[in-house]
Amino acid sequence: MAKIELLGNRVLLERFRTPEKTDGGIYLPDDARLKTEICSVIEIAPEIKKVKKDDIVLVGKYTGIEVQIDKRDFTIVAEEDIIGRIHK
């Protein structure tokens, strides 16, 4: 993946995707699959203290800026847009 340097209080997230196939066995195309509020932290700006790389976090469904890097979809959000962390 290309190296990205985040500035300010920004966090790079990768949203988890809904499954490709429904419980009934129907395959869903990419544009019909919902984006979830659960994300993995990919990269953080140096100022970030509340989350760390590889944390699983919860954000609003329409929060952040959508970007594509190396054909992968990511979301960039401010630290205060992260609602919470999910502990396993």
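Let's start with how the chain folds back on itself: of the contacts in the protein with a separation of 6 or more, 60% are between residues 24 or more positions apart, where a contact means heavy atoms within 4.5 Å. This is a predicted model, in which local features need pLDDT of at least 70 and side-chain atom pairs count only at pLDDT 80 or more, while totals for chains, interfaces and linings use all residues. Residues are numbered from 1 along each chain as its sequence is written, and side-chain values use heavy atoms, with hydrogens and water left out.

The protein has 0 helices and 6 strands; helices (H or I, at least four residues) and strands (E, at least two) are DSSP runs, numbered from the N terminus. The order of elements from the N terminus is therefore simple to read, β-β-β-β-β-β. Taken along the principal axes, the C-alpha atoms fill a box of roughly 45 × 30 × 20 Å. The accessible surface comes to about 6,200 Å², and 54% of it belongs to carbon and sulfur atoms; such areas come from the Shrake-Rupley method with a 1.4 Å probe, and for residues only the protein chains shown count as cover. Of the 88 residues, 34% are buried, with buried meaning under 20% relative accessible area, exposed over 50%, and partly exposed in between (1.4 Å probe, protein chains only).

Two strands pair if DSSP finds at least two bridges between them. β5 runs antiparallel to β1, joined to it by 4 bridges, and leucine 13 stands opposite threonine 75 in β5. β5 also runs antiparallel to β4, with 5 bridges joining the two; here glutamine 68 has aspartate 73 in β5 as its bridge partner. β4 and β5 form a hairpin with 2 residues between them, and aspartate 70 in the turn has a positive phi of about 50°.

Alanine 78 also has its place in β5. Its relative accessible area is 8%, so alanine 78 counts as buried. Leaving aside neighbours within four places in sequence, alanine 78 is in contact with Asn9 and Arg10. Alanine 78 and glycine 8 are 70 residues apart in sequence, yet their C-alpha atoms are 8.4 Å apart in space.

## Nonpolar core and surface patch

In soluble globular proteins, nonpolar side chains tend to be buried together. Here the largest nonpolar core has 17 residues, and those with the most contacts inside it are Val11, Leu12, Leu13, Val51, Val57 and Ile82. Such a core is a set of buried Ala, Val, Leu, Ile, Met, Phe, Trp, Tyr and Cys residues joined through side-chain atoms within 4.5 Å.

## Salt bridges

Side chains of opposite charge can pair when their charged atoms come close. The structure holds 7 salt bridges, each a side-chain nitrogen of Lys or Arg within 4 Å of a carboxyl oxygen of Asp or Glu. One of them joins lysine 3 to glutamate 43, with the closest N and O atoms 3.9 Å apart. This pair links distant parts of the chain, 40 residues apart: lysine 3 is in the segment before β1 (10-17), and glutamate 43 is in strand β2 (residues 35-44). Lysine 3 is exposed at 70% relative accessibility, whereas glutamate 43 is buried at 17%. Leaving aside neighbours within four places in sequence, glutamate 43 is in contact with Lys3, Ile4, Leu6, Val11, Leu12 and Lys53.

Glutamate 66 and arginine 15 also meet in a salt bridge (3.9 Å, N to O), linking strand β4 (residues 65-69) to strand β1 across 51 residues. Glutamate 66 is partly exposed at 44% relative accessibility, while arginine 15 is buried at 10%. In another salt bridge, the closest N and O atoms of aspartate 55 and lysine 52 are 3.2 Å apart; aspartate 55 is buried, with a relative accessible area of 9%. Salt bridges that share partners join Lys3, Glu43 and Lys53 into one network.
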